[in-house]
Amino acid sequence: MQIVRNPKSAVFSWDYRSGMIRVSAEPSLYFDTSARSLYIDQNPAGDRSLTQVRNTSFSEDFTVMRFDATWHSTSESFEVTGRYQTDRILRQVTQRLLTGDDAVASGPQDVIEVHVLDGTIAVINVLRVVEGVVEKSIRNTHKDGRLHLVVPSPWKRTELTSVAIEGSRLVCRTPDEDVTYELSACPLVVETMTALIDAGRT
């Protein structure tokens, strides 16, 4: 059995172009919205090498996730534990995807990434890609114990006083202004982002 205890990092991402929702960084797990199946990436540092996950189960409090998968040609059992609320949120959404009937739209919408380190939000990245071109974006990064808003052009980094999702808007508050971004994503994605941001605030 492979046991992963209290991983430092976690990722939630959604890219409509691949139809994949990433629900874990360690190990790297993806939910395929077309096949409605969970996959583990055997090569997380390079090109994806996905194999289907089987027999997924969760502890009652979502601190533990167990599953079976073929890992480099060998059948393996995995047990992943986590102590942060953000870990529990990602396991809950994984169970919801596997057992529920949430509709995840396949058309053009925002490409979204939320990275968590030690239970704290490290990166929020949202891109609107139209015909291969980034039409608009917003990025928050964690530095020196605080979240910052990063503006790509002209480049500027501004410390945030708060970040939250209000309805379907990502609201980034600086000492001088509120910067808002109207999210284009399905309810499940927005709800998961909201829960992670609320749980992962410094």
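Start by selecting Thr174. Beyond its neighbours within four places in sequence, Thr174 is in contact with Leu149, Thr158, Glu159, Leu160 and Thr161. This is a predicted model. Thr174 is found in the loop between β15 and β16. Is Thr174 buried or exposed? Its relative accessible area is 9%, so Thr174 is buried, the cut-off being under 20%.

**The strands beside that loop**

Now select the strands on either side. Strand β15 covers residues 169–173, and five bridges join β15 to β16. The two strands run antiparallel.

You now have an open sheet of three strands, in the order β14-β15-β16, with antiparallel pairing. Which strands form the edges? They are β14 (162–166) and β16 (178–182), each pairing on one side only. Turn the view to compare strand directions. On average, neighbouring strands of this sheet are turned by 15° against each other, direction ignored.

**The helix across the sheet**

Select residues 187–199 next. This is helix α2, which lies across β14 and β15. Against β14, helix α2 runs at about 150°.

**The helix pair**

Two packed helices are described by the angle between their axes and the distance between the axes. The crossing of α1 and α2 is right-handed.

Show the side chains at this contact:

- From α1: Gln85, Thr86, Ile89, Leu90, Val93, Arg96 and Leu97.
- From α2: Leu188, Glu191, Thr192, Ala195, Leu196 and Ala199.

Colour them by class. The contact of α1 with α2 has eight nonpolar, three polar and two charged residues.

**Last stop: Ser49**

Move to Ser49, in the loop between β5 (37–41) and β6 (50–58). How accessible is Ser49? Its relative accessibility is 30%, so Ser49 counts as partly exposed. Display its contacts, leaving aside neighbours within four places in sequence: Ser49 touches Ile40, Asp41, Gln42 and Asn43.

Finally, draw a C-alpha to C-alpha distance from Ser49 to His72: 9.7 Å in space. In sequence, Ser49 and His72 are 23 residues apart.

Terms used:
Residues numbered from 1 in each chain as written. Predicted model: local features only at pLDDT ≥ 70, side-chain atom pairs only at ≥ 80, totals over all residues. Heavy atoms only, no water. Pairing = 2+ DSSP bridges. Helix = DSSP H or I, 4+ residues; strand = E, 2+ residues; numbered from the N terminus. Axes fitted to C-alpha atoms, helices over the stretch in contact; angles between N-to-C directions. Contact = heavy atoms within 4.5 Å. Left-handed = near helix turned anticlockwise from the far one by under 90°. Nonpolar A, V, L, I, M, F, W, Y, C, P; charged D, E, K, R; others polar. Buried < 20%, exposed > 50% of the residue type's maximum accessible area, 1.4 Å probe, protein only.
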